[in-house]
Amino acid sequence: MSDLGVEPLRRVNSRGGLAPHLFVGFDSHLFSIDTSRSPKACVQPDAYLITHAHSDHYGKSAMLSQRALASKETARALEIRYDREYKGRTFEVGESVLIGDVEVRTYSTGHTIGATAFYWETEVGTRVLATGDVKDYSHLPRCDFLITEANYGDPWDPSCIFDDDLGGFFEALQSGASFGAYAFGKAQRAVALMRAMGYDGEIGMDEQSLALTRELMPEAGPLTEANGNGTNVVSPWNLYHLPGRNKYFLTGRRDTSYPTIRLSDHLDFRGLMKMFEHISPKEVLVYHPEGERANLLAHHLQQCGMETTALEQIEKYMR
Ligand SMILES: [Zn+2]
């Protein structure tokens with residue numbers, strides 16, 4: 001148990017491995033943060049908090065519990081992505097929700113449409129914030145115990161320092177290019193940017209990107225099924241179906257056969273450090289992604305004098 005009265009825990013699954021992400025115990029409560037659903041025989045949390053609908057946050061499994069809690073957009077995105085019914089409770093980002101007697105406030109993180117950070121206070125007054133993935137920390141409140149991500153948290157890796165290449169994206173858009181973007185998150189970011197940059201023509205999309213964008217972005221402007229003409233935003237593996245050579249993959253990855261334009265859904269390392277300053281927590285738990293990046297960021301924050309734990313260092317387990 002940390003001095004703040006908040007206890008991170010992990011669940012051991014039936015194969016003896018660890019369930020992804022974590023549980024947080026405080027007072028007489030247990031919240032799950034982006035964790036897969038526990039089998040019926042296991043300890044059940046008061047709520048499965050789902051920060052957003054990316055697959056590495058396990059909403060596909062948690063959405064089937066009546067204890068799931070996700071924004072309306074996240075719940076809808078999960079339904080479209082996985083073709084199953086969301087069984088939990090929903091809210092508008094910015095609203096407060098009661099879980100038992102705990103008031104949970106919700107904040108946008110700008111990572112995907114509907115991406116939510118959850119905030120609550122314990123009986124002894126500890127302010128807890130679980131962010132999920134973050135692109136824009138400016139709306140997040142201060143807290144004492146911060147649970148956050150480290151997707152670009154390696155201080156020594158040059159690829160963790162970047163700016164979005166908005167100039168490159170604008171030039172490509174003007175030249176009539178088509179773009180490869182993951183269907184949930186990046187595709188909607190690309191459409192929003194295209195509209196903000198003044199493009200008001202039709203945008204062609206593949207089936208899943210189109211369904212998600214139509215449903216989640218009422219203000220998306222004219223969209224159509226990708227038909228090989230005009231400007232398209234399609235899943236990266238569908239890029240090769242489009243004619244011509246003027247095609248870009250919107251990613252920070254370098255292992256692709258297409259030219260890339262850097263547009264990220266995440267803060268880079270400098271952004272993460274500014275976020276810590278903005279939120280000024282007493283203690284940090286880096287919970288995502290599992291592995292080296294989280295360990296390196298935790299180590300760096302410790303060196304900066306901030307009490308920090310990475311997911312892999314949690315030693316309290318439950319069945
Ligand atoms: Zn994500």
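Q: Which residues does Leu239 touch, leaving out those up to four places away in sequence?
A: In this predicted model, Leu239 touches Ser178, Phe179, Gly180, Val234, Lys247, Tyr248, Phe249 and Tyr258.

Q: And is Leu239 buried or exposed?
A: Leu239 is buried, because its relative accessible area is 0% and the cut-off for buried is under 20%.

Q: Where does Leu239 lie?
A: Leu239 lies in the loop between β15 and β16, the latter being residues 247-250.

Q: OK, the zinc ion. Which residues are its protein donors?
A: His52 through NE2, His54 through ND1, His111 through NE2 and Asp133 through OD, at 2.2 to 2.3 Å from the zinc ion. Their spacing in sequence is H-x1-H-x56-H-x21-D.

Q: Why is the arrangement around the zinc ion irregular?
A: The four donor atoms subtend angles of 88 to 171°, so the arrangement counts as irregular. For a tetrahedral label, all angles would have to lie between 85 and 135 degrees.

Q: Where are His111 and Asp133?
A: His111 is in the loop between β8 (102-108) and β9, and Asp133 is in the loop between β10 and β11, so this pair ties together parts that are 22 residues apart in sequence.

Q: Is His111 buried or exposed? What about Asp133, buried or exposed?
A: His111 counts as buried at 1% relative accessibility. Asp133 is buried too, with a relative accessible area of 2%.

Q: You mentioned β9 and β10. How many bridges join β9 to β10?
A: Four, and the strands run antiparallel, with β10 covering residues 127-130. One of the partner pairs is Glu121 with Arg127, the latter in β10.

Q: What does Gly125 do in that hairpin?
A: The hairpin of β9 and β10 has five residues between the strands, and Gly125 takes a positive phi near 90° there.

Q: In which sense do β10 and β11 pair, parallel or antiparallel?
A: Parallel, over three bridges, with β11 being residues 145-149. Ala130 stands opposite Ile147 of β11.

Q: New topic: how many residues are in the largest nonpolar core?
A: It has 26 residues, and those with the most contacts inside it are Leu129, Leu140, Met275, Phe276, Ile279, Val286 and Leu297. At least two core residues come from each of β9 (116-121), α6 (269-279), β18 (283-288) and α7 (292-303). The largest share, five residues, comes from α6.

Q: What does Leu297 touch?
A: Residues up to four places away in sequence aside, Leu297 touches Glu149, Ala150, Gly153, Phe269, Leu272, Met273, Phe276 and Val286.

Q: What is in the second core?
A: It is a separate core of 25 residues, including Ile99, Val104, Phe145 and Leu311.

Q: What sort of peptide bond joins His288 and Pro289?
A: A cis one, with omega at about -5°. Pro289 is in the loop between β18 and α7.

Q: Now the open sheet. In what order do its strands come?
A: The seven strands are in the order β6-β5-β4-β3-β2-β1-β20, with mixed pairing. At the edges are β6 (89-91) and β20 (317-318), each with a single partner strand, so one side of each has no neighbour in the sheet.

Q: How do β3 and β4 run?
A: They run parallel, and three bridges join β3 (residues 29-33) to β4 (residues 47-49). Phe31 has Ala47 of β4 as its bridge partner.

Q: Where is Asp27?
A: Asp27 is in the loop between β2 (22-26) and β3. Its phi is positive, near 45°, and Asp27 is not a glycine.

Methods: Residues are numbered from 1 along each chain as its sequence is written. This is a predicted model: local features need pLDDT of at least 70, side-chain atom pairs count only at pLDDT 80 or more; totals for chains, interfaces and linings use all residues. Side-chain values use heavy atoms; hydrogens and water are left out. A nonpolar core is a set of buried Ala, Val, Leu, Ile, Met, Phe, Trp, Tyr and Cys residues joined through side-chain atoms within 4.5 Å. Buried means under 20% relative accessible area, exposed over 50%, partly exposed in between (1.4 Å probe, protein chains only). Contact means heavy atoms within 4.5 Å. Two strands pair if DSSP finds at least two bridges between them. Donors are N, O and S atoms within 2.8 Å of the metal (3.2 Å for Na, K and Ca); water is not among the atoms, so sites may look incomplete. Four donors count as tetrahedral if all angles lie between 85 and 135 degrees; four count as square planar and six as octahedral if opposite donors are over 155 degrees apart and all others between 65 and 115; anything else is irregular.
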